[in-house]
Protein chains: 2
Amino acid sequence: MSNYLNDVKPIAPATRERIEQAIADLEFVPNRAVKVMRGARAPAIGYVVSDSPDPFFVEVGRGIEDVAREHGLVVVSCNTEGSREYERSYITALAEMRVAGAIVMPSFERRDLPFRALRASGAGVVVLRDWDDDTCSITFDDDEGGRLAAAHLIELGHRDLVFLGGPGGEHQIEHRFAGAKAALRDAGLDPESLRRIDAASATVRDRVALADQVLALDPRPTAAFCASDSLALAMMNGLLRQGVQVPGDISIVGFNDVVAAQLAVVPLTTIAVPQYALGESAARLLLDELQPEHRHEQIVLGPQLVVRESTGTPRPR
Amino acid sequence: MSNYLNDVKPIAPATRERIEQAIADLEFVPNRAVKVMRGARAPAIGYVVSDSPDPFFVEVGRGIEDVAREHGLVVVSCNTEGSREYERSYITALAEMRVAGAIVMPSFERRDLPFRALRASGAGVVVLRDWDDDTCSITFDDDEGGRLAAAHLIELGHRDLVFLGGPGGEHQIEHRFAGAKAALRDAGLDPESLRRIDAASATVRDRVALADQVLALDPRPTAAFCASDSLALAMMNGLLRQGVQVPGDISIVGFNDVVAAQLAVVPLTTIAVPQYALGESAARLLLDELQPEHRHEQIVLGPQLVVRESTGTPRPR
DNA sequence: TTGAAAGCGCTAACAA
DNA sequence: TTGTTAGCGCTTTCAA
């Protein structure tokens, strides 16, 4: 029977038939858990993030799942909603399930998390964030992304720039901001001339409201660099509804290149974070962790400027 | 030890400490698979759809996960990409994992699928589709949704309507179309006066191109009812880019009420399918399946018209 | 080529 | 209150 299921040894046709008959009669479904109990990994990968329904993470997840499927693995999707308690319990659950590994974007400090348990359970771990040298991680170069975005605007001739940030992902936002300042410096401009407004919250309402705040600035900026596409899209809608022309009156650059960026009325110029590739690489790194000769790797992905229609030369005054 | 892990019996403090010490020393992580081997269900729910990254299914998934988490369960997200083979293998994998249950939107006929195996494995099954009486299912009343959408436009005074469909989800599209015709009939209008155009493909390009086809119609329709929000949004962008006013020149109604519908430059009037609630109900139904006194249920969710800014009275000629 | 038996990590039932 | 043991479904090893 065991031989049949895993066909390790040849089986006489008669015996084979007898087994198949029994399987059909009993509606027998083999129990994978037994293998797991005996030390095998569960055929699953955990994917733990703070907001899995976010288009960004969904796209990362697509990359993960495609690799997982190739290897007969299934993806356990865990939405922590930014809660420390949920994060803990998901990671613990994955460890107890003996998943092959987990791809985690931790919202909290390392010591707060049951990563040790995950490792101790034998699972691989890949972190989507700056982390330590004892862990595989994939990061994105936010500084360089910020630099590219601002450099693009400067090259078009813009001098009055505003940076739009807001709550959520502070760490990344600061790097994008710093990168933008660096671009000003590189161009011989005063980095302090880069003004900044932060949305009051991550709600659409407050993001749309940024449009008014931008229009109220004096002198009015000719270009805005937004810390994320969703913020950029909301702000742009706010401008368009008031009859402001994009890019005629104000150019806009976003960040991430989520799917919606190219579908907008005015397709958004943005800094592309290769979301699918990020998921794919993370999954491959994870599978490599299970190999005995594995060495931890810290991968840093580079940004790419995608010019669409939301940026142009500033209107002469 | 077993007593400790499941605290069924009182334990002396000294013993407890001894156990905890051992757990810490060994970095012991209990192996859930053992319970599963002994007949318990794996603490997981499968979610199998043809396009899990689609915003619609993502939102359904959110409803599922919230219920799952309440019950200490995890969600296994399976994207079949419309492939029969993937659908089969995911369902088989879930059965072998002994998941508590699975929520499936099958792309194929019942007999083609290893549903029997899933059931035989002891898992609950909830189908998101018309199905048979021996299965729990949740469906949406597409006819009524189509009727509501068209009735809204008729009530505003529109008489020249066009229905926009396209490939993907044919079954549902036909019901929405039929519902729209019924609304015309109810209003004493000729149902055959409802014109129809189908997008050549589900790509954004072909959907945007619908705008031109609509504008080329003679007489030009004053309102369009689109079989889905994503189609409506793409088409609307096509119109807006050409300077056509929405709703001034053409009113637009979508279907589903995906998140993007309210974020559009012109927020979209649409027929709301309660996606989160759908996922939530499906998950609750699934958990009920595991109760011994469970009786199968076929739930039909009703549509709701959400009026935003993409519809208005037709411009007098 | 087939059958029998030990053992994986834990639970549950029992004995001490 | 604690320790011991059988057994869950399968793989693996060994014997027939």
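Colleague: How do S2(A) and strand S2 of chain B pair, parallel or antiparallel?

Modeller: Strands of a sheet pair through backbone hydrogen bonds, either parallel or antiparallel. Here S2(A) and S2(B), residues 74–79, run antiparallel and share three bridges. A:Ser77, for instance, has B:Val75 as its bridge partner. Pairing requires at least two bridges found by DSSP; strands (E, at least two residues) and helices (H or I, at least four) are DSSP runs numbered from the N terminus. This is a predicted model, where local features need pLDDT of at least 70, side-chain atom pairs count only at pLDDT 80 or more, and totals for chains, interfaces and linings use all residues. Residues are numbered from 1 along each chain as its sequence is written, while chains are lettered from A and ligands numbered from 1 in the order in which they are written.

Colleague: In what order do the twelve strands form the open sheet?

Modeller: The order is S11(A)-S5(A)-S4(A)-S3(A)-S1(A)-S2(A)-S2(B)-S1(B)-S3(B)-S4(B)-S5(B)-S11(B), with mixed pairing. The edges are S11 of chain A and S11 of chain B, each pairing on one side only. As a parallel example, S1(A) and S3(A) are joined by five bridges, and A:Val48 stands opposite A:Val104.

Colleague: How many residues does each chain bring to the contact?

Modeller: Chain A gives 40 residues and chain B gives 40 residues, with contact meaning C-beta atoms, placed from the backbone, within 7 Å. On chain A's side, S2(A) gives the most, with six residues.

Terms used. Contact = placed C-beta atoms within 7 Å.
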